[in-house]
Amino acid sequence: MNQINVLLCGAAGKMGREITRAIAGVPDLELVGAVDLIRVGEDAGLLAGIRPLGITVSDSLPEMLARKKAHVLADFTSPLAVMENIKLALQHRVPAVVGTTGLGDDELQSIRQWVEQYATGAIIAPNFALGAVLMMKMVQLCARYFTAVEIIEMHHDEKLDAPSGTALQTARLIGDSIGAVMQEREKFEKIPGARGGRVSGIPVHSVRLPGLVAHQEVIFGGAGQLLTLRHDAFTRECFIPGLLLAIRRAPRNEKFIFGIENLLD
Ligand code: NAP
């Protein structure tokens with residue numbers, strides 16, 4: 001396939017505008033449709049701060065899926081909207097690349113089923129930043145040698161879901177084994193939640209403040225030592241190379257793929 005036609009859902013959002021700029025800047029991808037609930041009728045290119053692209057924002061994903069010859073749907077919307085969007089795309093046999101976070105185990109299981117049912121692939125990534133993906137690989141090594149760990153994730157105050165998709169995935173990768181050996185001390189909490197929420201038994205703390213973008217620390221503790229892994233995303237540009245990799249892979253992917261680490265050599 002020479003050119004990949006991309007339908008972008010959440011086009012008026014912060015990520016959506018970054019993605020529009022990125023797609024317009026590469027020759028092998030073309031934005032063929034832009035969907036959002038806001039800025040409807042506006043040109044997606046102008047909205048993204050670049051030249052007019054002749055693609056106006058629509059509020060109807062079903063109409064765009066029916067009218068545009070999309071090879072990929074990229075979804076960066078909201079945890080409230082994403083499931084319906086994915087189902088619609090797969091029903092139309094359009095592979096999905098999903099950056100929207102907040103998907104739990106039940107939702108991921110439903111997407112797996114739709115991928116089978118409609119024989120159309122979905123690539124879901126809680127974090128498209130390469131540094132965050134490498135951090136997730138490294139935590140698995142550290143988890144073999146440490147028995148205690150906590151995760152602190154910090155994001156801008158407009159983020160809807162907590163904990164972040166990256167924190168959820170990091171905790172799941174470290175796994176139940178390390179969580180199980182950590183002492184359960186919630187009963188001594190003076191304020192419920194003071195020790196964070198538990199994911200696979202691991203405490204996860206979510207900070208939401210203006211000024212932050214997307215940051216995560218994974219702190220392993222051992223007798224007399226700490227090992228801290230930290231990733232900082234300072235601008236949304238960091239998500240673009242991983243996202244473009246997923247978009248380019250999507251048209252020939254028929255599977256359910258979770259995490260871009262599975263797309264890297
Ligand atoms: P944002 O600025 O709020 O943008 C989301 C946009 O989607 C908003 O314009 C929103 O409109 C729109 N929207 C909501 N429901 C919709 C629907 N049914 N159809 C079409 N558009 C809809 O948020 P953001 O910062 O761009 O982030 C979007 C998502 O991507 C979040 O879940 C975030 O956590 C995730 N994210 C993932 C990565 C990654 O690497 N995986 C990186 C960054 C962000 P309203 O304002 O009217 O709701």
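## Strand E1 and its partners

Strand E1 is joined by six bridges to strand E2 (residues 29-35), and the two run parallel; strands, like helices, are DSSP runs numbered from the N terminus (strands E, at least two residues; helices H or I, at least four), and two strands pair if DSSP finds at least two bridges between them. The model is a predicted one, in which local features need pLDDT of at least 70 and side-chain atom pairs count only at pLDDT 80 or more, while totals for chains, interfaces and linings use all residues. Residues are numbered from 1 along each chain as its sequence is written, and side-chain values use heavy atoms, with hydrogens and water left out.

Within this pairing, Ile-4 has Leu-29 of E2 as its bridge partner. E1 also runs parallel to strand E4 (residues 72-75), to which four bridges join it, and there the bridge partner of Val-6 is Val-72. Together with helix H1 (residues 14-24), E1 and E2 make a right-handed β-α-β unit, right-handed meaning that, with the strands pointing away from the viewer, the path from the first strand over the helix to the second runs clockwise.

## Burial of E1

Six of the six residues of E1 (residues 4-9) are buried, so this strand is largely enclosed by the rest of the structure; buried means under 20% relative accessible area (1.4 Å probe, protein chains only). In a regular strand the side chains alternate between the two faces of the sheet. In E1, Ile-4, Val-6 and Leu-8 point one way, whereas Asn-5, Leu-7 and Cys-9 point the other way, and all are buried.

## The antiparallel strands

Strand E10 (residues 214-222) pairs in the antiparallel sense with strand E7 (residues 148-155) over eight bridges, and Ala-214 of E10 is the bridge partner of His-155. E10 is also joined by nine bridges to strand E11 (residues 225-233), again antiparallel, with Phe-220 opposite Leu-227 of E11. The hairpin of E10 and E11 has two residues between the strands, and in it Gly-224 takes a positive phi near 75°.

## The largest pocket

The lining of the largest pocket comprises 49 residues, among which Met-15, Phe-76, Thr-77, Ser-78 and Thr-100 lie nearest its centre; on a 1 Å grid over the protein atoms alone, a pocket is an open set of points where a 1.4 Å probe fits, with protein on both sides within 12 Å along at least five of seven lines, and lining residues have an atom within 4 Å of a point. H1 supplies the largest share of this lining, four residues.

Methods:
Buried < 20%, exposed > 50% of the residue type's maximum accessible area, 1.4 Å probe, protein only.
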